[in-house]
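I opened a new structure today and kept notes as I went.

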Amino acid sequence: MKKKLLHILLLSAVLINTVGCKKYLDINSDPDTPQQPDVSSVFPAMLAAIPRGTQFDARYVSKYIQNFAQNAANNAWDLHGHQNYPNPSDIGGDIWRQCYYGLGANLNYIIENGKRKGQWDYVGAAYALKAMIFQMCTDEYGEIIYTEAFKENTSLFKYDDQQVVYRGVDSLCRLALNYLSRTDLSPSNSLLIRGDFIYDGSNAKWIKFVNGILAKNFHRVTNKSTYQADSVIYYVDRSFANTQDDFVVPFDATKNDDTNFFGTYRDNLSSFRQTKMIVQLLDGTTLAGSSAGINRDPRMRHMLSASNDTTNGNGGYYALEPGLADPNTGNKRVATPFGDSLYANPSASRFDPSRGKYLFRDKAVSPVMSYSELQFIKAEAAYKKAGGPDATAYQAYLNGINGHFDFINRSVYPRSNVPIYNTVTISAAQRTAYLASANVKQNAAALTLTDIMSQKYIALWGWGFLETWVDMRRYHYTDLDPVTGLPVYRGFITPAAIPATNNGKLATRIRPRFNSEYVWNLDELIRIGGTAVDYHTKEMWFSQP
Amino acid sequence: MRKLLQCKDKLLLLFFWLPVFVFGQDKAITGTVLSDENTPLPGATVSVRGTNRSVTTNASGVFTINAASGAVLVVSYIGYEQQTVRVGTATTLTITLRASKSSLGEVVVTAYGIRREKKSLGYSTQVVDGEDIANTRRENFVNSLAGRVAGATITPSSGVPGASSQIVLRGATSIGGNNQPLFVVDGVPYDNQTLNQENLVGGSVSFANRNSDYGNRAMDINPDDIENVTILKGPEATALYGADGASGAIVITTKKGKSGKASVSYDNSFRTERVYRFPEVQTVYGLGNNGIYDPNFTTNPFGVLGGSTGAGIPAAFGPKLAQGITTFNNAENFFRNGFTQQHNINVEGGSDVATYRFSTNYTNQNGVVPNTGFERLTARLMGSTKIGNKLRLTTSMNYVSSTTKKASKGAGGYLLTLLTWPVTSDVRNFQRPDGSKIPLRNITNLNLEYDNPLWDVYKNPGMDKVDRLTGNLNLSYDVTSWLNLGAVTGIDYYTQYGTLAVHPLSRFGLAGNGFYSLYQQTTRNFSNTLKATATKKFGDFSNSFTVGFYTENNYTKVESQKGERFYERDFLGINNTDPLSRDARTAIAQVRKVRFFGNYILGYKFVYLSLAGSREGSSTFMSKIVDKDPFFNYGSSSLSFVATDIPGVKEALPWLNLAKGRISYATTGKSPSSPYIIDYRFTGQITTGGGFAYDVTGNNFDLVPERSNNLEYGAEFSLFKGRLRMDIARYHLLSKNQILAARASYGTGFVIKWFNGGEVENKGIEVQLAGTPVETKNFRWETIFNFDRNVGTVKTMPASLPTYYDSDTWVFGNLRSQYFPGAKIGNMAANTVARNSAGQVLISPTTGLPVRDNDFKTVGDRQPDFKLGWVNSIRYKQFDLSFNIDFRKGGDVFNATEYFLYLTGYSVKTLDRETPRVIEGVLQDGFENTANPTKNTIAVTPMYNSSFYSSTTAATEEDFVENVNWARLRDVTIRYTFPARILSDVKFIKSASIYFTGTDLLMITNYSGADPAVNANTASNRGFGGAGIDYGALSIPRGFNFGCAIKF
């Protein structure tokens, strides 16, 4: 009896072990947060994660390219330095963060789980976003982790050369196109429209977006002999057809985290001021030779801020030169980007959708890619292909300018975001007058690279920082146009006080994120020379011949 | 007193139960001998006084003996106090023996309540008597273990009421996991969580386990209920507890009722407390900069007050204070005398069949910091009964209710602000009659300075309230004389509710126009143990075989809310916040474990072999996505060799009572301490469109159990009839496959990632030397030395990480708990001054001050060289004196408080500011790494160049790392017990005593700060934690207790 009892006890113990226990233990799922959400729940967060990268880093890139300058003197970024390196700092590291964490790993989740459940539209869109963010990442930092990214159980990640990443982006785009074109979607699972608040689940628009990424990917190597202008034109033609196709990320503006980083509430641009470069491009000085009223661009009053004092010869659009602070006082000071005659943020930490200007409002979109931008890419590609002025280039140039007018005039945005024009749209008459002005070349033969690149600079001002930076680096900021003998980028001011450690060079890359690479992947960083004091001036692969 | 005497008859009726004696013929008496644990004592000797009749109990503790009514039975068992029982009319008896008090006791409680003769153990254990703990009168009993246990490191987070305390046995083995031991009360795990602030909703006030303390829940144990505490240190000792016991176990046995007359006892304690150790501040120089008076000049070391222009601490870089100027002793005006009262009532009694004990404790503490306090009420009922001859049942219920009122700590907390409060300003002027804040400087933007300390403690209050109910049921059934089945079921249920408010006019409340946080934590833990023990002796071979099964189901839910933007400025409550600002969060942690265990002990004369194995399954390894095996195995073996039991040895060496050698080897496995880390981890997004995205900490499908291998060997001796005793243990512990969440390259796809890997080695030695130098009728002196030394080293890093740091410990400046391959487990890394290739300090050619090197380099190790506790108890006639001195040699402490004072001009180290100096070093002028660097000749007079102090380059964190030794007089108790003859007139009083206890009376240390034994974080911190980082934490106050104890 007693022995039996013991036997029963032992036997039941073994049984419980193999059968019951595992079931008893199977409770390792968080009851308060899903651990396997549907990809449609993850996708919206990916769209919102894009400006978290682009706008955060724009605070620095925008100064290198002179979209903005600091209202105080000798700002490190204005002077093409790198914020007191080697002091530990994560600034300028947000695209890095988003490439791997904010978007990267999450996109992998969408791809894996989307494939499992036949949600091909999500898979395609996720590949598209992955291609986009890796393109941005390599264009900002150069050599990055690509082939070894997301590897498990290691903390050592090898960097790839930029050309590897470029090829990778190309492959990601092919995958994206492949999945986006599939029509055998699983009907039982949620469709892209559920999570996609930008294109409302339109595969056709996503396909255009992917073609836009490909166009950029192919276009960035204009200095190389292997440059294929035809491919660029091919992809642009399959990309956005008008400004309604633009990829813009909207904001809900109900609390800090869902509000435009560039809006008044979040107060990140209070010390940012418009530069001489953009003011002179818009007031006619650079492109038409004078800022007489007739030459002033009708877009200026929508994009820039006028000061109270309007006696400066261009309607009150004062500007800063990089590194020099504001020499004026009182009404002659440069206004903040938040509106005319405003010298301080009108509603920091307070929601007010009526405040702000252009893209610098709480509930204004953050654009990622535009029709106008792609037309300028086509214009440059055609110009390069023809080796000079060309009809295709000219038409694309005009499309680009018109596209940007349409961009400003657009009145309907996803999630009821507010229009970006200033009170009223630009009238047809204003546009016609501008297109006929000295700012715009009147025939194909007169077209120069400066025309294309300057108009592109205007169209991308205030949002397309990385694209403009790629362009300027391709022309090494100050390259001369062989046709005119003048700099392609007229009006760019080489800062007088470049830090000595730059050895006279302008910045061409941002250092990888400090609290990622300098702390935990240092060996690899040393291998590529990332710890050199002038690493941020090392030329990028894409701009090299 | 006289009144009491008059009603003594009534009291007699109340308290006395008089047995009736009947004398008669010899008869067979059957009885059971139990331990005070209510477990049977096999092999106990029962004899009839005055005869040579003697028997021993069987495996179930049962005996049968012939005795006449009125005869006296003498029951004895090694390691227990002898007891006598008069035979009455009953023929069945239950005799409960009390474990004898010697701290080198003969029988110890091991895992799952398995009682083992100490000589059969292959590892070292230590027992601390409950009375010693209770006598310290400390609210948090963990603190009373300091110095009493070789190998235990106890770090309270500060000296305020309700502060948490961290305990680590034998050094930290896990660089990113939990290193605290398992607490077990009467066979049931006792939850010792400290609320993790990161589970609450932050907002304009951030939560990183720095600015508030939530207590450690083991402090809910009423010290007066503790019979004794067994410390199981190495993995072998706790192998049966598995992952939970991998960092050791604190096994608490509570007091049980004794059969016999009902007795009532009452004791109390009244304590005053006083803070007596402060960081010294200079009062020679006043406000200003570069020697020029300027009350509005501020410094903002490391941007502690943010980036706004003018934000900072008013700096004391001004001229000398004028003679006769009114100054204020702000510390004196801020602190108050703490006062605590404690009352304990115990009632116990019972019959042969059943016993009970009821105890209640009330504690009310007013802290030395205004508006802080701690109040606790505990009630415990324990009953034990016998059903038939074979079944015994013990149940207990325990209720605890406690409330902690607390103040903030760390940056912006009251202490740092108090220290930097100018002596020319009265700290008591903190608010206007209308309740608005008076800033120190005449500023309107209150964001620019920290709160007045009194403002802080009154206007930014925090509160925690705990209601805890624990209960357990212990069944023991004797199937036969050699087979016992046991079952233990326990429930541990509590809710902890707390609030934290930041006034809209406070520095940290300004951004959000007030901040209010509230949370409710509910913890419900169930556990069950079933075990069968077979004990049988075959000739000289004794066999004991235990198999068992254990399950636990632990559930903790934290629900928190926060709101900002108060409508009513001075009203604290969530309903007073803007609904749009409110956020809520739920965090649930559910963990289940199952464990099969077996233990076989074979004894042959003088050798004991023990083999144990466990198979454990943990829910934290389960996955819904991949196929994971939640089970893993581990085991142990040990050998004990008692040389003095070899026939002939005792005769040859009569002075040698015990000589024992022992060796053990054990492995343990540890599952992840956090649930839900195997599968994907998502968090809800509040960005446009909402949804979910990966948590910053990445999951890992591939995690495997942490492993540790432990080798321990040692020896025990007892000489001269136990007058001199020694226990030596050496151990070598290797912990592999550490499971930790570490920052790494974002290439992982995450900011932080769960990794497996790395090896930490801990080597150490523990010696306990105890002696009774004097023992006469009237005078007895017992003394114990507890020595330990542990060296923990990180052999390899997990996943080849170049470094790992704990960001919670990064509280001030750039110093943090950080590891590199080969680093010591207590490693601190910080910025240092930059040096050239020859190691000379680099000096800036423009300022003449050193250049800061922003790399993190090792600057110290917080592990002490050794610790030594010296416990004494002296009895002289009716007086008992006990005291406990705790020595520590070595171990680094970062005096961040002093660094803070230095950077702001309040440190006494800045008093020589008028002396010009040239800092030894070479100029960073481009020639620094050549053969002929330029020697620095730039003279600096700090008085006129305050950046010498405030620039954070002339002195770096490294300069404030101190190697600390201390001797602390921890607890002193003097007790006078009234002699029986005095009390004989007062019949209802059995015994009475009065006592004085002093706590933390004195510390002799080379530490320049207030108290080196503090923690910058709370006890919830993982890894080595914030111990040894002193930043704005209050020193442990000195306490004087008076009280009396009466037993009726």
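What lies over the face of Tyr24(A)? I found Arg592(B) there, at 4.7 Å from the ring centre. I count a charge as sitting over a ring if NZ of Lys or CZ of Arg is within 6 Å of the ring centre and within 35 degrees of the ring normal. I noted another case: the charged end of Arg507(B) sits over the ring of Phe508(B), 5.1 Å from its centre.

Ground rules next. This is a predicted model, where local features need pLDDT of at least 70 and side-chain atom pairs count only at pLDDT 80 or more, while totals for chains, interfaces and linings use all residues. Residues are numbered from 1 along each chain as its sequence is written, chains are lettered from A and ligands numbered from 1 in the order in which they are written, and side-chain values use heavy atoms, with hydrogens and water left out.

**Aromatic pairs**

I looked up the total: 87 aromatic pairs over all chains. Rings of Phe, Tyr and Trp (its six-membered ring) pair if their centres lie within 6.5 Å; planes under 30 degrees apart are stacked, over 60 edge-to-face, and the rest tilted.

I picked Tyr109(A) and Tyr680(B), an edge-to-face pair with 4.8 Å between centres and 85° between planes. The pair crosses between chains. Tyr109(A) belongs to helix α3 (residues 94–117) of chain A, and Tyr680(B) to the loop between β33 (656–670) and β34 (682–684) of chain B. Helices (H or I, at least four residues) and strands (E, at least two) are DSSP runs, numbered from the N terminus.

Are these two buried or exposed? Tyr109(A) has 1% relative accessibility, so I call it buried. Tyr680(B), at 7%, is buried too. Buried means under 20% relative accessible area, exposed over 50%, partly exposed in between (1.4 Å probe, protein chains only).

Then I turned to Phe549(B) and Phe596(B): their planes are at 35° and their centres 4.8 Å apart, so this pair is tilted. They are 47 residues apart, with Phe549(B) in strand β29 (residues 541–564) and Phe596(B) in strand β30 (residues 583–604) of chain B. Both are buried.

**Strands**

How are β29(B) and β30(B) joined? They run antiparallel, with 22 bridges. Two strands pair if DSSP finds at least two bridges between them. Lys562(B) has Asp583(B) as its bridge partner.

I followed β30(B) onward to β31(B) (residues 607–618), also antiparallel, over twelve bridges. Gly603(B) partners Tyr608(B).
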